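Let's take a walk through this model, starting with a bit of sheet and ending on a single side chain. Keep the viewer open as you read.

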Amino acid sequence: MKKLMAISLFCLVLISCGEKKKEITEQPPTKLKALIIDGQNNHYVWPKTTMMMKDYLEETNLFTVDVQRMDSVWLGIKYNKTRPEAYTYFIETYPLTDKTYSISDSPIKTSNFSFNFKDYDVIISNLGAESPLWPEKTRKDFETYMDNGGGLVVIHAANNAWGEWDEFNKMIGLGAWGGRDENTGPYVYYNEAGEIVKDSTEGVCGSHGPEYEFQLTTRAPEHPIMKGLPSKWLHTQDELYERMRGPFENATILATAFADVEKNAPPWDPNITGLGQNVAQLMAINYGKGRVFHSTLGHFDYSMECAGFITTLQRGTEWAATGAVTQEIPKDFPTPNSTKSRVWK
């Protein structure tokens, strides 16, 4: 009996030690590595929006986020003259502390930018119109990174860049401005019957009206990024991009907005009206083994404070990095008739 008790106690000690050992050796899940690239954007608020997106991704507890600035910096354009901030306010208030950069008063025409993209699970582009084309080797390295399973997230004016780079046009599905025209690809939209139309009509590439609140309609409710989101939701004040063109290969429109003929007509160009169609605002594109989340939303800081923008950025970035989405839909997600914003500090 004593022998049996001794064996039992010995087993309990072994089990206890095993549990403690297991408890000590368990490590927290490895976070995904994300990189935001900025430095050349026609929207002068970009130093702040980079930090906003960095915070939004890190608050999911899924990502570590680094920022890489281009080899030279253009602050962009102060479109809204009534904004009280000085032109240099954002670059001075949200600097990168580890490096200094030369700042140009006009867009930089050339770039020596190079980077080892393979160190990251996903790249987020906060670049914009007039961004100089990367050197050929950098472009080839990025194409290889994406083809081998890398992730890319394109935000708002990042789809204005590099119309002459054919592979980039394939990555983003549809782009705006940047020298694109009908040779780049057709307009793509949903008609009233709910059918996708590829329209090869000649005309401009890229347009929008004044900023306003507009409603998004989910078009791919079973896609991991969109699963669980309402079928319609109201986005806060933003630019509604339309008349984008591109190859639109291996692409899925996740959400559209209606580009009203009058409301989305640019007042600075009387020759153009709104398209009068349901145009893509969120897209998912497969490029080789890689994945791209493309969001046209996010013109200014208040546009990025929309809970809808934040949620789709977080979910879209996870999908671009892994092909899956594990995040829950937040309780403050916008409704069909009500915007929801979170003030960023």
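Start where strand E2 meets strand E3 (residues 103-104): the two run parallel and are joined by 2 bridges. Strands here are DSSP runs of at least two residues, helices (H or I) are runs of at least four, and both are numbered from the N terminus; two strands pair if DSSP finds at least two bridges between them. Across this pairing, Val 73 stands opposite Ile 103 in E3.

A quick note on the ground rules: this is a predicted model, where local features need pLDDT of at least 70 and side-chain atom pairs count only at pLDDT 80 or more, while totals for chains, interfaces and linings use all residues. Residues are numbered from 1 along each chain as its sequence is written, and side-chain values use heavy atoms, with hydrogens and water left out.

To get from E1 to E2, the chain passes through helix H2 (residues 46-58), a right-handed β-α-β crossover: with the strands pointing away from you, the path from the first strand over the helix to the second runs clockwise.

Now jump to Gln 281, in strand E11 (residues 278-287). Gln 281 counts as buried because its relative accessibility is 0%. What does the side chain of Gln 281 have a polar contact with? The side chain of Thr 296, at 2.8 Å (a polar contact is a pair of N or O atoms within 3.5 Å; within protein, one must be able to donate a hydrogen and the other to accept it, and residues adjacent in sequence count only if both atoms are side-chain atoms). A polar atom of the Gln 281 side chain also lies 2.9 Å from the backbone oxygen of Tyr 241.

Methods
Buried means under 20% relative accessible area, exposed over 50%, partly exposed in between (1.4 Å probe, protein chains only).
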